Amino acid sequence: MNEHYPFVNPPLPYAYDALEPYIDTQTMYIHHDRLLQRYVANLNAILSGYPELQNLSLEEMLRDPSKLPEPVRQGIINNGGGLYNHTIYFNGMTPSETRSEAQALYPVIIRYFGTVERFFDEFKAYALAVFGSGYAWLIVEPDGRLRIVMTPNQNTPVSNGLCVVAGIDVWEHAYFLKRFNDRAAYIEDWFHVVSWEAANERYVNCINGE
Ligand code: MN
């Protein structure tokens with residue numbers, strides 16, 4: 001992700017059809033090239049009138065939104081959060097088998113959740129419990145504890161002082177074309193393509209203070 005204004009839509013790290021049959025090609029195209037693109041355009045339009053914000057990274061803006069100018073605060077939470085959250089989501093999936101790449105994260109998952117299956121069960125319950133649009137996240141607390149949280153809309157855990165390891169977008173646009181209203185099936189699909197390698201890397205950055 002480039003550091004500051006003007007922001008760009010980071011290219012997918014795989015082809016549009018790479019996550020078939022779990023995430024369909026048309027959904028990936030619309031989700032990345034149209035929906036995320038609009039968040040990026042909106043964010044840049046908002047920042048174009050605020051030179052004092054143009055040198056800040058997304059994370060710097062989102063860490064404490066109360067410090068943002070009131071007229072653009074919600075717009076940055078929505079569109080900056082949209083860019084931040086989607087970048088983690090898209091970069092957090094892969095067509096490759098990556099479970100063996102989670103050397104640092106795996107033992108911590110076992111410590112906090114018992115087994116990978118129980119972690120999935122709990123993560124799924126959180127992702128299903130998001131009412132309306134939002135995300136479920138695996139995060140690291142400031143004291144190092146691993147936990148699952150939800151955020152509504154494009155709010156991001158960074159604004160609550162939490163460090164993100166992995167996250168699933170459960171807005172209907174992420175699955176409606178393929179799974180219609182069956183969010184549970186989409187969450188199962190996501191487990192097949194989640195990048196343990198990316199999650200492991202994010203976890204290591206979290207505990208090292210990035
Ligand atoms: Mn989305």
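Contact here means heavy atoms within 4.5 Å. By that test Asn44 touches Tyr5, Pro6 and Phe7, leaving out residues up to four places away in sequence. This is a predicted model, where local features need pLDDT of at least 70, side-chain atom pairs count only at pLDDT 80 or more, and totals for chains, interfaces and linings use all residues. Residues are numbered from 1 along each chain as its sequence is written, and side-chain values use heavy atoms, with hydrogens and water left out. Helices (H or I, at least four residues) and strands (E, at least two) are DSSP runs, numbered from the N terminus.

**Helix 1 and helix 3**

- The axes of helix 1 and helix 3 come within 9 Å and cross at roughly 145°. Axes are lines fitted to C-alpha atoms, for helices over the stretch in contact, and angles run from 0 to 180 degrees between N-to-C directions.
- Their crossing is left-handed. The term applies if the near helix is turned anticlockwise from the far one by less than a right angle; clockwise is right-handed.
- Ala, Val, Leu, Ile, Met, Phe, Trp, Tyr, Cys and Pro count as nonpolar, Asp, Glu, Lys and Arg as charged, and the others, Gly among them, as polar.

**Helix 4 and its partners**

- Helix 4 (residues 105-113) packs on helix 5 (residues 116-129) at an angle of about 70°, with the axes 8 Å apart. Helix 4 is therefore roughly perpendicular to helix 5. Roughly perpendicular covers 65 to 115 degrees; under 35 is roughly parallel, over 145 roughly antiparallel, and the rest oblique.
- Helix 4 passes helix 5 in a left-handed crossing. Tyr106, Ile109, Ile110 and Phe113 of helix 4 meet Val116, Arg118, Phe119 and Glu122 of helix 5.
- That contact has six nonpolar, no polar and two charged residues.
- Helix 4 and helix 8 cross at roughly 85°, and their axes come within 9 Å. This pair is also roughly perpendicular.
- Leu105, Val108 and Ile109 of helix 4 contact Trp196, Ala199, Asn200 and Tyr203 of helix 8.

**Helix 8**

- The twelve residues of helix 8 (residues 196-207) should span 16 Å at 1.5 Å a residue, and the end C-alpha atoms are 16 Å apart, which agrees. The expected span is 1.5 Å times one less than the number of residues.
- Trp196, Ala198, Ala199, Asn200, Tyr203 and Cys206 of helix 8 are buried. Buried means under 20% relative accessible area, exposed over 50%, and partly exposed in between (1.4 Å probe, protein chains only).
- Their cover includes helix 3 (70-91), helix 4, helix 5, strand 1 (134-140), strand 2 (146-152) and strand 3 (163-169).
- Gly209 follows helix 8 and has a positive phi, near 70°.

- Met61 sits in helix 2 (residues 58-63). Its relative accessible area is 1%, so Met61 is buried.
- Beyond neighbours within four places in sequence, Met61 contacts Phe7, Leu47, Leu53, Leu56, Leu68 and Ile76.
- Asn44 belongs to helix 1 (residues 25-47). Asn44 is buried at a relative accessible area of 16%.
- Lys124 lies in helix 5. At 19% relative accessibility, Lys124 counts as buried.
- Lys124 touches Ala184, Ile187, Glu188 and Phe191, not counting residues up to four places away in sequence.
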